[in-house]
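I opened a new page for this structure. The entries below follow the order in which I looked things up.

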Amino acid sequence: MSSCCPPPKMARLKYATDFDKSVLLNNFDTRGWVQVSTDDDWNIYWAGVHNIRNIFSVECGFRMGDDQVINHFPNHVELTRKDLMVKNIKRYRKELDKEGSPLAEKDENGRYVHLDFIPLTFMLPADYNLFVEEFRKNPNTTWIMKPCGKARGIGIFLVNKLSQLKKWSRDGKGNSFVAPTAKETYVISKYIDNPLLIGGKKFDLRLYVLVTSFRPLKCYMYRLGFCRFCTVKYNANVSELDNMFVHLTNVSIQKTGEDYNAIHGGKWTVENLRLYLEGTRGKEVSDKLFDDINWLTVHSLKAVAGVISNDRHCFECYGYDIIIDDNLKPWLIEVNASPSLTATTSSDRIMKYNLMSDVCNIVIPPGEFPDVRWNKVPAKENYGNFDLLVDEELAQAELLSQEVKARAGASNATVRGARDLRKPTTWK
Amino acid sequence: MNEDQVAEQFIVDLLQFLKSSKLYTDLFNAAQIEAFKPSLRVSELRKGVQSGLINGGWDRKLRNAIYHYLHTHPQQPTLPDPEHNKEPLLYIRKAQQTWEKKILKSLNSMCTELNIPLARRRAEREQKDMAARWTELGTDGPDERPWISLNLGQIRPVYAPKDFLEVVAGLQNTNYQNSVSNGGSFYNFWGIIQVPVKLKTINQLRVQYSEMSINQCQTGVDDLPDIPSELFDADRAKLGNKVLAANHAPVAREFSKKGCPDSMRGEMWCQMLGVEVDEVDILYYEQLKTCVLQHDLLVDNLLYKDVKLTATNDDHYFVFEDYLYQVLLPFSRDTVILKHFSHNCATPPKSYIRGKLGVEEFAVVYPPNGVIPFHGFAMYVAPLCYVYNDVVTLYHVFRQMYIQYFFRLHSVSSDPQGIVALSLLFEILLQTNEPELFFHLKNVGCQPLKIAFKWLMRAFSGFLASDQVLLLWDRVLSFDSLEILPVFAVAIFSFRKSNLMKVQTYNAAEAVLADVTTLQVVPLLQLALFSK
């Protein structure tokens, strides 16, 4: 919508990019921006994660100027690597528990009531023994093994027998001096075997979340996420565990399946999902689902807000992968730092183009040069298809002005804080 | 017959119908239960039973039954010849018969060419196979589908909207002295349709659709997220719940004229169509399913092909592919549908048992429901999948919608709701509202109906976004008229007028109107009907 009319060409920014993707380049060129090499004085650098390490490294990195922005946070892996994400979320929950915050409320089984949004997960080989204990409690459950350092569904397999994990049992019992690298660590999570099926097919949700700052947290949710459907009918039968087409929804794996259709690419818009759920399940449960998804997103970001280097030159557009189970409960599966910019269908291309355009408009006010001293409060008309999830700075300012005006009685600060977090997620 | 006699006869028919329906037995049983209540005195038997029944909600059920009967059985004097009930005008009847012969010929030749029978019984093993895979008929490669007797690539749809348009365009009123068929060359209409059918004017349409006027809040416009919900949405939801609880079809209709909220649509449509799924309906569906398993019809392959060509390639509907098979295959076995042919100009095609060609005792209707699918037929079902996820309900709702509305979109008839009249309404409205646009398009060789026809024939399914189709169909059901379809088509042309005025070829015009998925139904309808 916002990308139909050409943006003002007042500021000719210089951009550098590691990706030769049309959705990026077309966006930059339409704005009249000029491409330069990564060694030159760029204003915006759309970097690949492999280069980020170099850019921010102590030895050969460089200091960025006031008019430079880059599309990753230095240690984004705290959120985007599977094991670190789980570690941070577990730590966040424990901290809230210690503080006595109502958010960390637990039910009679010891499960978190409000913060139970990741499936039960263990790190391997480190937590192997803990895992075995859990596995033996419920021997008929299925688990999914994912390598920490890989993406796009590579190296994933399903486990329902301990014998399938022999390799990690050896490593776990003993040499804990050698810290395993990302390449060797795996996470094993409880497989969600009751996913919500539509038309009998399993799917997962891909949502885009833009973060311009972690402290104070400023994040935006893209309205036009999509559902990725498995091309083969979902079958909970154990013998089908090996059939990757049935269980994994990654598009790169689905693409090689026989029934893959290149016109729609097995993708459905989130709007269609909402229409379907409202029509067949009712408005309340479907509204609650989308609320829960926003809640989950905000808290996953808050969990890592403390450890991420809040470099003012940085922003990041994450790809959130979420699975919805049969009870309409969303589960966070993983967060991607480099969501694919490849377009698989024409509507896909349009959506990704608009996504990039809206990201640019929020991160750099249209027509201006980036400036790290800017307060990072974009004008509402530049949101495009993004909705503001949380802007802690604004919320704080509003709170203060309310306090001053109302001079109300002593309300508990933590309770206010909790309510404040909930408020932006239901934005009606 | 004079009016009184007609009314009397109608009431007799109505009572006859009610007495033979399941409602009668249920009502009778309920009345007996009421009569046995100990609190009832013999002297007040009648009043007591009546009030007991009313408290139990039976009066509403009875009222609904009568309402639906009124709706589906037009109250007119029965004409001497049953043929006239189907279609009073002879030249139109003739045209429909010619068209039907053509379709059947095409179907038969495809049969002989590919050397497949119209129907054959399935082997036991094949039946078991298919039963096991009933919910996933869409997946698997061709070699894993033994119940499909041949490669789908050889099947062609029997006809497409453009073929049907040719038939409709060729209709000529033989009573006109100057019409082409009598040797004259006078076309009294600018557009393609040359049949003089009586139509509503724009003012009559405005009155008919007055609930949609701009000063009235509508679902689809006034309940979007960025509008505060106190304005419309919250009250609408409350009202909707009350309406659903009342369970009275006319009330549901009135409410739906302003559109149904997404979460209430399913129930609203069921109430408006009179669909209440009970055990009998579930059993009936199972019976149809058994018929599908036992016999393989050529028509099945046509349906498979159609789904694969249309719904599986559609962004919005590919997810529901398997549901479509589960609805369409039993649909073609359902003989209840044959009843609607009494007021449909079309006649169900007949086929003869092998070797007994022409012998009437061995004639069967083929396919059993009398409907030969065409290219795009599956799209009548697809939008419904967003509203119903239970196959049996989905089936019955679709069947009702077909019997009441969709059949009119692909049979030739002079009925004001038929596709011929709708097409003419489109052309006349466009000429009246946008004369320069119509003239310009005609000059560059693009008759607007050529583009709009496929929209009308498919009731816009597959051309608009999924939620917009549903909003449009809300109005079709609630106003009980398909006339909204040509009105919307005119609205689209009006909306894209500035681009259309610039085109110089038919292809360019088609390109301007190729993608209408971004259009919003309700604001456009309001513009077309109520501005100026």
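This is a predicted model: local features need pLDDT of at least 70, side-chain atom pairs count only at pLDDT 80 or more; totals for chains, interfaces and linings use all residues.

Entry 1. I then looked up the make-up of the chain and found 13 helices and 16 strands in chain A. Of its 428 residues, 53% count as buried. Chain A exposes about 20,200 Å², and 52% of that comes from carbon and sulfur atoms.

Entry 2. I turned to a helix pair in chain B. The axes of α7(B), residues 124–132, and α13(B), residues 279–294, come within 9 Å and cross at roughly 135 degrees. The two helices are therefore oblique to each other. I noted the crossing of α7(B) past α13(B) as right-handed. Which residues meet there? From α7(B) I listed Q127(B), M130(B) and A131(B), and from α13(B) V292(B), L293(B) and Q294(B). By class, this contact has 4 nonpolar residues, 2 polar ones and no charged ones.

Entry 3. I looked up cis peptide bonds. One joins L124(A) and P125(A), with omega about 5 degrees. P125(A) sits in the loop between β5 and α5 of chain A. Another runs from Y366(B) to P367(B), with omega near -10 degrees. P367(B) is in the loop between β4 and α16 of chain B.

Entry 4. I checked positive phi angles. K376(A) is not a glycine, yet its phi is about 55 degrees. K376(A) lies in the loop between α11 and β16 of chain A. Is K376(A) buried or exposed? K376(A) is buried, with a relative accessible area of 11%. F460(B), also not a glycine, has a phi of about 65 degrees. F460(B) is in the loop between α19 and α20 of chain B, and is buried at 0% relative accessible area.

Technical notes
Residues are numbered from 1 along each chain as its sequence is written. Chains are lettered from A and ligands numbered from 1 in the order in which they are written. Side-chain values use heavy atoms; hydrogens and water are left out. Helices (H or I, at least four residues) and strands (E, at least two) are DSSP runs, numbered from the N terminus. Buried means under 20% relative accessible area, exposed over 50%, partly exposed in between (1.4 Å probe, protein chains only). Accessible areas come from the Shrake-Rupley method with a 1.4 Å probe; for residues, only the protein chains shown count as cover. Axes are lines fitted to C-alpha atoms, for helices over the stretch in contact, and angles run from 0 to 180 degrees between N-to-C directions. Angles under 35 degrees count as roughly parallel, over 145 as roughly antiparallel, 65 to 115 as roughly perpendicular and the rest as oblique. A crossing is left-handed if the near helix is turned anticlockwise from the far one by less than a right angle, and right-handed if clockwise. Contact means heavy atoms within 4.5 Å. Ala, Val, Leu, Ile, Met, Phe, Trp, Tyr, Cys and Pro count as nonpolar, Asp, Glu, Lys and Arg as charged, and the others, Gly among them, as polar.
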